[in-house]
Amino acid sequence: MNLLVIVQDYPDESDNQRFGYVHTRNKYYVEIGIDVLVLAFDAKKEYVFENITITNLRFFKRNYDIGMFDAIVSHAPNLRNHLRFLYFYTKSKKIFFFVHGHEVLKQSNYYPEPFPFIRSKLFYLARIFRDIYDAIKLAAFKKYFTKNLKSERVKLIFVSEWMKSEFKSNIKIDDNLLENNSLIIHNAAAKEFLNQDYNYAAEEKFKIITIRQFDNPKYAIDLVLKAANENPQFEFHVFGKGIFFKYYSIPDNLKIFNSYFIHQEIPGLLNQYTAAFMPTRLDSQGVMMCEMATFGIPLITSDIPICREMLKEFSNVFFIKNDTDHIFFDDILEKINPNSRINKDKFSFENTILKEVKFFHKVLFNTDSIVNKK
């Protein structure tokens, strides 16, 4: 089977880790014999990253033909690139859309207000234009999906029940049409988190790790700062990038590391910490926290519906309310059971990637077999 995977951006050898969950999938695909070419619209040139070839639109038009592929896989589609490409270049190819979040939401109804240091007079003007764009976007996707779901050219894959529910609220497609042409399949955990187990050499002082973008309020780095202030007996280490901490006093027990890590490095990093604190205000799945839970590190996260949907089966996960007056970790950390069985199944290859590939084969070749077809 030959797949053209289209995405706005893609990881590379630099600090760019955007759409890492797509790369995790693609590596699995290649391992089981699927040929993958990635078309990343933001790519400046064609390159190879961990045995995956990534091209841009200019190189694609020059060197490839849509007839080379059995199907197209689109992740987080947008109007500007994805839909335009699909209209002009894809002929009658089958298309599998993975719905991840903002692309099918009216963002003003979901995304939290930006931090004060981000806001400006231009922000409110920009939000008006974003609302106009979102209205056009939702109308365009409703028209496109309705037409192509009816012809069975398009199939939809949602990464969570929450995402599917919000898609229905925003796009408003006929329920029967949607049910007959869609599945819910979670993003997979990368192998590094499935094949290794958390192994922390306990120290006297509790050490908490957070890996987050600093300046996007949906990732709630302000709650990490609040927790550090209210738990001076614990040490907090925060990894990520942004300017958030330039505007706030930093307590002595909070250390900031302006850096990201590739997947292979993260399990070794987690083994240096007692627990992970990964709060969130909005997610369609929250892949990083799912990978941490699968790895086995005790994880503290937000008590919101998507986190419950993803992580309620994990004995090493603890939930806190985002609007709680105080964030105290003593009681939570006392409940950590190092001998508890870790759930390695929910985000495993069999429950994620294998389901995707079987779905591809059923739609394209009318078989559940995943024997490679070229």
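Author: Strands here are DSSP runs of E with at least two residues, numbered from the N terminus. Ser 74 sits in one of them, strand S5. Keep in mind that this is a predicted model.

Reader: Why does Ser 74 count as buried?

Author: Buried means under 20% relative accessible area. Ser 74 has 0% relative accessibility, so it counts as buried. Its contacts, leaving out residues up to four places away in sequence, are Ile 6, His 82, Phe 96, Phe 97 and Phe 98.

Reader: What makes the pairing of the Ser 74 and His 82 side chains a polar contact?

Author: The limit for a pair of N or O atoms is 3.5 Å. These two side chains meet at 3.0 Å, and the pair counts as a polar contact. His 82 is itself one of the buried residues of helix H3, which spans residues 79–89.

Reader: Which other residues of H3 are buried, and what do the buried ones pack against?

Author: Besides His 82, the buried ones are Leu 79, Asn 81, Leu 83, Phe 85 and Leu 86. They pack against strands S1 (2–7), S2 (35–40), S5 (71–75) and S6 (94–99), along with helices H2 (57–63) and H4 (121–150).

Reader: What happens at the ends of H3?

Author: Asn 78 caps the N-terminal end, with a side-chain oxygen 3.5 Å from the backbone nitrogen of Arg 80. After the helix comes Lys 91, with a positive phi near 55°.

Reader: Back to burial: how do you know that Val 36 is buried?

Author: Its relative accessibility is 14%, and with the cut-off at under 20%, Val 36 counts as buried. Val 36 belongs to strand S2. Setting aside neighbours within four places in sequence, Val 36 touches Leu 3, Val 5, Asn 26, Tyr 29 and Val 30.

Reader: What makes Glu 356 and Arg 25 a salt bridge?

Author: Side chains of opposite charge can pair when their charged atoms come close. The cut-off is 4 Å between the side-chain nitrogen and the carboxyl oxygen. For Glu 356 and Arg 25 the closest N and O atoms are 2.8 Å apart, and they form a salt bridge. Glu 356 lies in helix H13 (residues 353–365) and Arg 25 in helix H1 (residues 20–31), so the bridge ties together parts 331 residues apart in sequence. Both residues are buried.

Reader: Why is the pair Asp 175 and Lys 168 called a salt bridge at 3.9 Å?

Author: The limit is within 4 Å, and 3.9 Å from N to O meets it. Partly exposed runs between the buried limit of 20% and the exposed limit of 50%. Asp 175, at 43%, is partly exposed, and so is Lys 168 at 30%.

Notes. Residues are numbered from 1 along each chain as its sequence is written. This is a predicted model: local features need pLDDT of at least 70, side-chain atom pairs count only at pLDDT 80 or more; totals for chains, interfaces and linings use all residues. Side-chain values use heavy atoms; hydrogens and water are left out. Buried means under 20% relative accessible area, exposed over 50%, partly exposed in between (1.4 Å probe, protein chains only). Helices (H or I, at least four residues) and strands (E, at least two) are DSSP runs, numbered from the N terminus. Contact means heavy atoms within 4.5 Å. A polar contact is a pair of N or O atoms within 3.5 Å; within protein, one must be able to donate a hydrogen and the other to accept it, and residues adjacent in sequence count only if both atoms are side-chain atoms.
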